[in-house]
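Trainee: Could we go through this structure together, one question at a time?

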Amino acid sequence: MKTLICQSCGWPFTKATGGTSRDKSINTDYCRDCYQDGAFTDKSLNLHELEVKLLEMAEMHEDISLEEAQELIKKLPELKRWRMDHI
Ligand SMILES: [Zn+2]
């Protein structure tokens, strides 16, 4: 299965864990943690909060190193959700 990169959290996902559009079709831009039924699950999330969240995830999960999380954070501003400044 093709690995996709979530355009919100930067995490890899597959179609099986993809978000859903309003018509319940799979959205291949975002993972289901970030996007469900055509809307972001956490609409007020900002880039800084996401960075904190990813670092917390790296601390909690053994399979994610702090270095990996930091690499991911560097790439976040290139993602679709964060490319334009909505704030
Ligand atoms: Zn995501």
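Predicted model: local features only at pLDDT ≥ 70, side-chain atom pairs only at ≥ 80, totals over all residues.

Trainee: Which protein donors does the zinc ion have, and what is their spacing in sequence?

Mentor: The donor atoms lie 2.3 Å from the zinc ion. They are the SG atoms of Cys6, Cys9, Cys31 and Cys34. In sequence, these donor residues follow the spacing C-x2-C-x21-C-x2-C.

Trainee: What is the arrangement of the 4 donor atoms around the zinc ion?

Mentor: Four donors count as tetrahedral if all angles lie between 85 and 135 degrees. Here the angles run from 103 to 114 degrees, so the arrangement is tetrahedral.

Trainee: On to the rings: how are the planes of Tyr30 and Phe40 arranged in their aromatic pair?

Mentor: Planes over 60 degrees apart count as edge-to-face. The ring centres of Tyr30 and Phe40 are 5.0 Å apart, and the planes are at 75 degrees, making the pair edge-to-face.

Trainee: Which parts does that pair tie together, and how far apart are they in sequence?

Mentor: Tyr30 belongs to strand β4, while Phe40 belongs to strand β6 (residues 39-40). The pair therefore ties together parts whose separation in sequence is 10 residues.

Trainee: Which residue lies over the face of Phe40?

Mentor: Phe40 is partly exposed, with a relative accessible area of 21%. At 3.7 Å from its ring centre, the residue over the face is Arg81.

Notes. Residues numbered from 1 in each chain as written. Heavy atoms only, no water. Donors = N, O, S within 2.8 Å, 3.2 Å for Na, K, Ca; no water. Tetrahedral: all angles 85-135°; square planar, octahedral: opposite > 155°, others 65-115°. Phe/Tyr/Trp six-rings, centres within 6.5 Å; stacked < 30°, edge-to-face > 60°. Helix = DSSP H or I, 4+ residues; strand = E, 2+ residues; numbered from the N terminus. Buried < 20%, exposed > 50% of the residue type's maximum accessible area, 1.4 Å probe, protein only. Lys NZ or Arg CZ within 6 Å of the ring centre and 35° of its normal.
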